[in-house]
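Reader: I want to go through this model residue by residue. Please show it first.

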Amino acid sequence: FFVTNQFAVQGVSSVRIPDVVVFINGIPIAIFELKSPTRENATIADAYSQIHDLYKKEIPKIFFYNQVLVASDLFKARHGTISSGWDFFTAWKGIENENEKNPDKTELELLVRGSFKKKD
């Protein structure tokens, strides 16, 4: 894994900067768009819209091998794919399995630790 924040990508008409991009062997497999939890007018639905309405049009090549998109406000987090509508973006259920209880973890932590588990 290689994870970078504020990854600049030359777009069709300008440079676009997704908040977090996860690479495996140099291939961008996940894009996270994060919104501030302290700004009431910046929601995770806005993060989804930014990915689908702006990034898909401006930087389409970064999505060629993409497997997961994440919209989050650092607490709530929803994941989906490039073709998923907002109704199909869902929360990750657990780290080891979807039935476990993790009241002390944010949805973002569950998603990251559960979906990006690195096997030894």
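Reader: Is Asp53 buried, partly exposed or exposed?
Author: This is a predicted model: local features need pLDDT of at least 70, side-chain atom pairs count only at pLDDT 80 or more, and totals for chains, interfaces and linings use all residues. Residues are numbered from 1 along each chain as its sequence is written, and side-chain values use heavy atoms, without hydrogens and water. Buried means under 20% relative accessible area, exposed over 50%, partly exposed in between (1.4 Å probe, protein chains only). Asp53 has 48% relative accessibility, so Asp53 counts as partly exposed.

Reader: Which helix holds Asp53?
Author: Helices are DSSP runs of H or I with at least four residues, strands are runs of E with at least two, and both are numbered from the N terminus. Asp53 lies within residues 44–58, which is helix 1.

Reader: How far apart in space are Asp53 and Gly26?
Author: In sequence, 27 residues separate Asp53 and Gly26. From C-alpha to C-alpha, their distance in space is 25 Å.

Reader: Why does Val3 count as exposed?
Author: Val3 sits in strand 1, residues 2–5. Val3 counts as exposed because its relative accessibility is 51%.

Reader: Which residue's side chain makes a polar contact of 3.4 Å with that of Glu33?
Author: A polar contact pairs N or O atoms within 3.5 Å; within protein, one must be able to donate a hydrogen and the other to accept it, and residues adjacent in sequence count only if both atoms are side-chain atoms. At 3.4 Å, the partner of Glu33 is Gln50.
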